[in-house]
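Hello,

Here is the structure I promised to pass on to you.

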Amino acid sequence: THDVHLKVPEFDGKSDADAFIEWLDKVERVFNYKKYGDPKQVTIVESRLTGFALTWWNSVQQARRTSGYRYITEWWKMRRELKERCGKPGYQKRDCPAFAKKDGLVVDGMRESVIANVQRVLLDQEETEMYTTFVRDLCTIGDGQLVGYGSFTFLALIPGLISLQNAEPINHGAGIYAVSVIPFMGSMTGLTSNTLIPHTYNIPTSVQLPSHVRVPLDWVKVNSTKKTIRYHPPEVLKALDQLLLAKEEVTVACRAAWVLFLEEFGKYYAEFQISVQAFAALDCLHSLAILSRNKNYVRPVFVDDNEPMQIHIQSGRHPVLDLILQDNFVPNDTNLDANKECCQIVTGPNMGGKSCYIRQVALIAIMAQVGSFVPASSAKLRVLDGIHTRMGASDNIQQGRSTFLEELTEASHIILNCTAHSLIIIDELGRGTSTHDGVAIAYATLHYLLQQKRCIVLFVTHYPKIVDIKNEFPGSVGAYHVSYLTSQNTLEITDSQSDQGICNLDNGDITFLYKVVPGMSDKSFGLNVARLAQVSDF
Ligand SMILES: Nc1ncnc2c1ncn2[C@@H]1O[C@H](COP(=O)(O)OP(=O)(O)OP(=O)(O)O)[C@@H](O)[C@H]1O
Ligand SMILES: [Mg+2]
């Protein structure tokens, strides 16, 4: 299949920069076509790395982990590392000592490169000598054959490097990799933040010799094959011990530094919190100020507390929709007054803008009361003691509460807690049950609110029957609907009595005008919305 040609090729990191770029190009082509995404791309490339490249990459990841960073899982980051390591024009085969390879190799060339690499990380005189002697001894054992296996982090060498400053950040030697000290650790550990710590020394930890070669008595056998035996010389064992200890020490030091940092920070926790809160408040006020200026908000007027409850808004807008729809938003007026009309029952087609309208009134009231300008051409209201809402639908199965139960719990909460100075917005109460029960619940709730509480209510419903409540509270209840045009170009501003002329228009097109106008609409045009949602196609 085509896929055969689209495999990420292997990469051993031994070739020159040109070969690397060629390889990278192939990889990119595969990824452009396959679009595996992260972290899969990293995993794929990792699985195609071999030999030196693999050892090197492992040490990069390990070094990140040791310095408290995440492993690299994004391809672009891995590519950056690879380019940094292999894409430089100066990068040549010889920079990449063979001893990182897993197979046997000739000692001579290797010794040079090890010594060169050790000098590169600029150990002090004594450390350098110790290290090079160690490696040289290791290399001259046996009949010139030596195999490295595994790699280890020679953190024991850290003390020798503390005095180093500003050396090159990444040493391009074999697996010798240095990272800067994590900045905040500086003051705790006494290291400056540009101190370099060599992280990975890929030196062989065991010596592999043909099985007939005799070795000193204190060498420890690690494992063997038919022809060869692998040993740990005592120096190696000691170094490995030291390494373990050093790793432990670093972990302890890091933990202590972190705790110290938290403690230091904790001392000023209260101050931090106060300033964060102050900034948050400032941010909020600043945003409201900018919005008010750019969107022509007005300063709301509050009437005295002994005046009747009232909300008068001219050309009110929904602060969020207004931003989204810009000039297409249709503003609406609202006039509610405890002594006159204190309740609006809003009917109209689905998608007509009912919910938006009642939300907008509540939002303007809240904005006014937090001290902001409001999205309207004028607004006059009395201070509210609360805004109670019953909107949307949700259930709570974890607590064994169905949608309808949630709905009624909220309604009962409103009934218990509202006062004559509250604003109440209720959206389609009772729609979660049969029409008969729903109408009864909606009617009874509204009746109670009007009779017992006399608070300001905006009531959205699809039940025309509810509007009959007007007769029980003459003057207090107004029927409104969101206007629309049907395909017959009839502006639907009639109220329920004279609305007989409008027969079944559910099949026609409907244009929403979003203007809230007096009168009732008993058409919901539910089928129209079904069509919008492409339900009717089936
Ligand atoms: N005043 C307005 N000006 C312009 N567009 C509006 C206005 N009000 C609402 N809309 C648009 O109409 C959409 C539907 O509004 P809304 O959710 O209020 O409908 P609804 O009448 O409550 O419908 P339903 O009966 O299905 O709940 C909104 O998402 C918005 O895009
Ligand atoms: Mg709605």
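Val346 has Tyr480 of β16 standing opposite. The two strands concerned are β11 (residues 343-347) and β16 (residues 477-486), which pair in the parallel sense over five bridges. Please keep in mind that this is a predicted model.

Both strands belong to an open sheet of six, ordered β13-β14-β15-β11-β16-β17, with mixed pairing. At its edges are β13 (386-390) and β17 (510-518), each of which pairs on one side only. From one strand to the next, the twist averages 15°.

Two helices lie across strands of this sheet. Helix α11 (residues 354-369) lies across β11, β13, β14 (422-427), β15 (456-460), β16 and β17, and runs at about 160° to β14. Helix α12 (residues 403-417) lies across β13 and β14, at about 155° to β13.

I also looked at strand β9 (residues 310-316). Why do we call β9 largely enclosed by the rest of the structure? Five of its seven residues are buried, which here means under 20% relative accessible area.

Strand β9 has two antiparallel partners to look at. With β10 (residues 332-337), β9 is joined by five bridges and runs antiparallel; here Ile313 has Thr334 as its bridge partner.

Best wishes

Methods:
Residues are numbered from 1 along each chain as its sequence is written. Chains are lettered from A and ligands numbered from 1 in the order in which they are written. This is a predicted model: local features need pLDDT of at least 70, side-chain atom pairs count only at pLDDT 80 or more; totals for chains, interfaces and linings use all residues. Side-chain values use heavy atoms; hydrogens and water are left out. Two strands pair if DSSP finds at least two bridges between them. Helices (H or I, at least four residues) and strands (E, at least two) are DSSP runs, numbered from the N terminus. Axes are lines fitted to C-alpha atoms, for helices over the stretch in contact, and angles run from 0 to 180 degrees between N-to-C directions. Contact means heavy atoms within 4.5 Å. Buried means under 20% relative accessible area, exposed over 50%, partly exposed in between (1.4 Å probe, protein chains only).
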